[in-house]
Amino acid sequence: MIVLDKVNKFYGDYHALVDISERVEKNEVVVVCGPSGSGKSTLIRTLNRLEEIDGGTISIDGRDIHARGLDVDRLRAGIGFVFQHFNLFPHLTVLENCTLAPVNLKRASLKEAREYALDLLQQVGLAHKRDAYPNALSGGQQQRVAIARALAMRPPIMLFDEPTSALDPEMVGEVLGVMRSLAHQGMTMVCVTHEMGFAREVADRIVFMSEGEILERAKPEDFFTNPQTPRAQQFLADRRRE
Amino acid sequence: MLELIDTYWLYFLVGQYPDGPLGGLALTVLLSFGALLLAMPFGLLLGVARVSTRRSIRWPVATLVQLVRAVPLLLVVFWVYFFLPAVTGVKTGQATTMLMVLVLFDGVYLAEIVAAGIRALPKGQLESARSLGLSYPQALRLVVLPQTLRNGLPSIVSQLVSTIKATSLGYIIGLSEVSFIATQVNTLVFTQAVEVYLILALTYFILCFGLSRLAFLLERRMARAS
């Protein structure tokens, strides 16, 4: 479903992504992990072109996402993206946050969009907050709304960029719970996360990155019990110490 | 003072109207509102252009902004009044001149407020709007500008207040707005300069203070909504 072939990215002289080649199949849940500064976020942000690349190709459903004449807005509409810092729209209510894109992109009438948004808010356990403004919500609640907002466009793919890193520890669980149930519904997901418990339980595959390269790709079982590279061993040891 | 008001109130309010062009306070108010109404969309447009990623859009606007900001308003009034007719061949009336100058000046200052507001908004707002599939103009209209305008409201209001006061510069090209009329009255009665200019000052104060209060109430209502 998502195919990356020799993707390279530079920030000036800094080589942020080095010859990344990878495939993500339909319904697959891939967790990308690695030490900070390893290029995980940069990588996931290239998938909906929030970051442009300097070499290689990325294709989704067999279409090159950098092809001439490709409508980048349409591409993005089909890929849900969840940010570390939620980025809810503070001037809109929870419900309005979820209906803004579907209505303005003419994907649904206001009535349909509201009904579906309420459905999604129900799923993330926040239907009772529909008329609240984001500032009145906790971090965990805001992130769950952000997930519902992304789902409101009915995307076949969801990308998560460290969705729990900005949360207080007691709120991490509620967000991971929503992500877990999404995975069980068969959503194709790529998650950058430091939550190793989640990775172990939910991921179909782990991709380990360091200094812009993919060093390991493995089933969670294998990765956690038998990491191959010294960097991955070190990384896991550091995680355990936390 | 009462006698002063009793004799000249109509002249003060509308100038020589209906025997001559509309003037006085009515003209000042009309000019102010006209300028505010036209300068807002103009300023919004310039402000958005100012933060465009395209150099061919950004640079001309930046040049215009820097140029207009570096010249006294009074000079621009002179220029437009005396120079523009020489170029276009059409004589521009005093009121039209003043309106054009105010819209230009105001638009440029509002553009800076809008541009600063857009730059100050967290990058994540635009990114999350775009990642939902909204185009750049849609993201601006639905996500960025509503927040920018709300956050910038105090600066916008002080700009609008100074527009009201700036209409008094029409005096210099003989525009019969309220300051000009007050001066005329002063020449007629001769001995009551303090009273005349006190009433003039009070008039401006009521206009400007009224606008500030209105904005304050608006701000409070918006704050309650969120």
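**Close-up views of aromatic rings**

A:Phe208 is buried, with a relative accessible area of 1% (buried is under 20%, exposed over 50% and partly exposed in between, using a 1.4 Å probe and protein chains only). This is a predicted model, in which local features need pLDDT of at least 70, side-chain atom pairs count only at pLDDT 80 or more, and totals for chains, interfaces and linings use all residues. Residues are numbered from 1 along each chain as its sequence is written, chains are lettered from A and ligands numbered from 1 in the order in which they are written, and side-chain values use heavy atoms, leaving out hydrogens and water.

**View 1. Aromatic pairs in chain A.** Over all chains, the structure holds ten aromatic pairs (Phe, Tyr or six-membered Trp rings with centres within 6.5 Å; stacked under 30 degrees between planes, edge-to-face over 60, tilted for the rest). One of them joins A:Phe208 and A:Phe223, tilted at 35 degrees with 5.9 Å between centres. Because A:Phe208 lies in strand β9 (residues 205–210) of chain A and A:Phe223 in helix α8 (residues 220–225) of chain A, the pair ties together parts 15 residues apart in sequence (helices, H or I, are DSSP runs of at least four residues and strands, E, of at least two, numbered from the N terminus). A:Phe223 is buried too, at 0% relative accessible area.

**View 2. A pair in chain B.** B:Phe205 and B:Phe209 are stacked, because their ring centres are 5.2 Å apart and their planes meet at 10 degrees. B:Phe209 is partly exposed, at 43% relative accessibility.

**View 3. A charge over a ring.** The charged end of A:Arg149 sits over the ring of A:Phe89, 4.5 Å from its centre (NZ of Lys or CZ of Arg within 6 Å of the ring centre and within 35 degrees of the ring normal).
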